[in-house]
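This report covers the overall fold and the packing of selected helices. The sequence and structure come first.

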Amino acid sequence: MAATTDGRDPRRTSTPRTLLFLLSLWLVPWSVLLVDGRPATLVFPWGLFDPGSGRLVSLYSYLFEFTGGFGSLPRYLRAWPTSVVAFLLATASAGGGALVGREDSRVTALLLVLAGLGQLSFAWGFAQSGGRLALPVGTVALWAAAWLYYR
C-alpha cells in the first residue's frame with residue numbers, strides 16, 4: 001500500500017508497547033475534582049477514589065447502585081461512562097493491531113480523541129457550579145496517546 005502524502009504507512013498498527021501504554025491509562029486519574037477546598041476526588045476510567053476518606057466507588061456501582069442509572073444522570077456525567085466505552089473500543093482496536101496485526105489506526109486514534117473529548121465535557125460540566133473545579137487529566141493523556149502513536 002502506498003504511503004500517505006506525509007510519508008506514513010496508513011496500515012501502521014499498534015505495537016505491544018503502544019497497547020501497554022494504553023492499558024497504563026487505566027491507572028491515571030482522568031479527572032481531578034476539587035470542591036470548596038475539600039480533598040480532591042480522583043475519577044478513573046474504572047471508578048471514583050476519594051483519598052480523604054479512602055472510599056472507592058466503581059463505575060458500575062456509581063451507575064447502578066448510587067444513581068438511577070445512565071439515563072438519570074445529567075449530560076455531563078454521562079460523558080464519563082461514554083468516554084470509558086470509547087476508550088475500551090480504542091484499547092480493543094489497539095489490541096487487535098498489537099496481537100493479530102488487524103487494526104485501522106485511524107479508528108483507534110479517533111476513539112482516543114472521542115474519549116478525551118468526553119472527559120473534557122465531563123470536567124467542563126462539573127465545573128459549571130460554583131466552588132467546583134475539574135482538571136481533565138485524562139483528556140491530555142488520551143489526546144497525547146493519539147498524537148504520539150497514531151498521527
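In this predicted model, the chain has 5 helices and 5 strands. Their order along the sequence is α-β-β-β-β-α-α-α-β-α. The C-alpha trace extends over about 55 × 25 × 25 Å along its principal axes. The chain has 151 residues, of which 41% are buried. Of the contacts between residues at least 6 apart in sequence, 56% link residues at least 24 apart.

Two packed helices are described by the angle between their axes and the distance between the axes. For α1 and α3, the axes approach within 8 Å and cross at roughly 160°. Because angles over 145 degrees count as roughly antiparallel, α1 is roughly antiparallel to α3. The crossing of α1 past α3 is left-handed. The residues that meet are listed by helix below.

| Helix | Residues in the α1 and α3 contact |
|---|---|
| α1 | P16, L19, L22 and L23 |
| α3 | F87, A90, T91, A94, G95, A98 and L99 |

By class, this contact of α1 with α3 comprises 9 nonpolar residues, 2 polar residues and no charged residues.

Helix α5 covers residues 137-150. At 1.5 Å a residue, its 14 residues should span 20 Å, and the end C-alpha atoms of α5 are 20 Å apart, so the two values agree. Buried residues in α5 are G138, T139, A141, L142, A145, A146 and Y150. The elements that cover the buried residues of α5 include α1 (16-24), α3 (75-100) and α4 (105-126).

How values were computed:
Residues are numbered from 1 along each chain as its sequence is written. This is a predicted model: local features need pLDDT of at least 70, side-chain atom pairs count only at pLDDT 80 or more; totals for chains, interfaces and linings use all residues. Side-chain values use heavy atoms; hydrogens and water are left out. Helices (H or I, at least four residues) and strands (E, at least two) are DSSP runs, numbered from the N terminus. The expected span of a helix is 1.5 Å times one less than its number of residues. Buried means under 20% relative accessible area, exposed over 50%, partly exposed in between (1.4 Å probe, protein chains only). Contact means heavy atoms within 4.5 Å. Axes are lines fitted to C-alpha atoms, for helices over the stretch in contact, and angles run from 0 to 180 degrees between N-to-C directions. Angles under 35 degrees count as roughly parallel, over 145 as roughly antiparallel, 65 to 115 as roughly perpendicular and the rest as oblique. A crossing is left-handed if the near helix is turned anticlockwise from the far one by less than a right angle, and right-handed if clockwise. Ala, Val, Leu, Ile, Met, Phe, Trp, Tyr, Cys and Pro count as nonpolar, Asp, Glu, Lys and Arg as charged, and the others, Gly among them, as polar.
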